[in-house]
Amino acid sequence: MVRNLEQRPDTVLGLATGGTMEPVYARLVADYTAGHIDFSAIRTFNLDEYVGLAPDDPSSFMHYMRKHFLNRINIPAENAYIPRGNVADAHAEAMRYEYAIVASGGVDLQLLGLGANGHIGFNEPPAILSSLTHVAALTQATRAANARYFDKPCNVPRHAITMGVGTIMRAKEIVLLAIGAEKAEAAANMIEGQVHENCPASALQDHRKVTVVLDQKAAARLKHAR
Ligand code: GLP
């Protein structure tokens, strides 16, 4: 990724949130602080945002991104795109966001995490594998997994605006990271299972340039790990 940014300073990055990504942002910030990367020309598009949360809400993905990355590098604020969660019409916002991605020329490099249920972004199973940016209902399991970012579990929103699987598949290159035993089943389904709506990440099997990085625990259920 660093090499990518060095070669093309105007790269369009697709970004993800979650615990898995925190060390990635820490590393990119360290490289920036050391003078190795310049972010002044990049544009970023985040995968998703909760419906109903304002950008300065401490549980919003915008807040996460500012805290871990955006406020610590030299990206111009107007170059960092995240769906607006606190708009009157979330469906219109989703369409506007999809258009903004297309108008940027498309995502060059998309970072992805993996949900324990096989979701990417907030594309929950069963997912339409050709979907564009849309309003998605969150499953109970995903709301529980993300409750740690909220003061009370009941405050986790029920909907999010998310890039669709189809949006994600249009990225020119994808890097997916998954860590820990709770991702092992989803990782095995993603890599060795059928491409199926019940594991949205399995759609990546049809992408021409994907790198999947797993730790040993997340790779534990692969039959052909070697
Ligand atoms: C959220 C995000 C996903 C992310 C997932 C994994 O649900 N919408 O994009 O991949 O969390 O998060 P973690 O890395 O904390 O396990």
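Lys-172 and Asp-108 form a salt bridge, with their closest N and O atoms 3.2 Å apart; the term covers a side-chain nitrogen of Lys or Arg within 4 Å of a carboxyl oxygen of Asp or Glu. Lys-172 sits in the loop between α6 and β8 and Asp-108 in the loop between α4 and β5, so the bridge ties together parts 64 residues apart in sequence. Helices (H or I, at least four residues) and strands (E, at least two) are DSSP runs, numbered from the N terminus. The model is a predicted one, in which local features need pLDDT of at least 70 and side-chain atom pairs count only at pLDDT 80 or more, while totals for chains, interfaces and linings use all residues. Residues are numbered from 1 along each chain as its sequence is written, and side-chain values use heavy atoms, with hydrogens and water left out.

Asp-108 has another partner too: its side chain meets that of Arg-8 in a salt bridge (3.5 Å, N to O). This pair links distant parts of the chain, with Arg-8 in the loop between α1 (2–7) and β1, and Asp-108 100 residues apart from it. Through shared partners, salt bridges join Arg-8, Asp-10, Asp-108 and Lys-172 into one network. As for burial (buried is under 20% relative accessible area, exposed over 50%, partly exposed in between, using a 1.4 Å probe and protein chains only), Asp-108 counts as buried because its relative accessibility is 11%. Arg-8, at 38%, is partly exposed, and so is Lys-172, at 36%.

Across the whole structure, the search turns up 8 salt bridges. One more worth a look pairs Glu-98 with Arg-170, where the closest N and O atoms are 2.5 Å apart. Glu-98 belongs to helix α4 and Arg-170 to the loop between α6 (165–169) and β8, so this bridge connects parts 72 residues apart in sequence. Glu-98 is buried, at 8% relative accessible area, whereas Arg-170 is partly exposed, at 47%.

Now for the rings. The whole structure holds 10 aromatic pairs, where rings of Phe, Tyr and Trp (its six-membered ring) pair if their centres lie within 6.5 Å, and planes under 30 degrees apart count as stacked, over 60 as edge-to-face and the rest as tilted. Phe-45 and Tyr-81 make a stacked pair, 4.4 Å centre to centre with 10 degrees between the planes. They come from distant parts of the chain, Phe-45 from strand β2 (residues 43–46) and Tyr-81 from strand β4 (residues 80–81), 36 residues apart. Phe-45 is buried, at 0% relative accessible area, while Tyr-81 is partly exposed, at 28%. Elsewhere, ring pairs gather Tyr-25, Tyr-32, Phe-39, Tyr-64 and Phe-69 into a cluster.

Leaving aside residues up to four places away in sequence, Leu-15 touches Phe-45 along with others, including Tyr-25, Met-65, Phe-69 and Leu-111; contact here means heavy atoms within 4.5 Å. Leu-15 is buried, at 0% relative accessibility. Its C-alpha atom is separated by 10 Å from that of Ile-174, 159 residues apart along the chain.

Helix α7 (residues 184–192) has Ala-184, Ala-186, Ala-187, Ala-188 and Met-190 as its buried residues. Their cover includes β8 (173–178) and β9 (210–214). On the cysteine side, Cys-154 is exposed, at 57% relative accessibility, and Cys-199 is buried, at 7%. The structure holds 0 disulfides, a disulfide being a pair of cysteine sulfur atoms within 2.5 Å.
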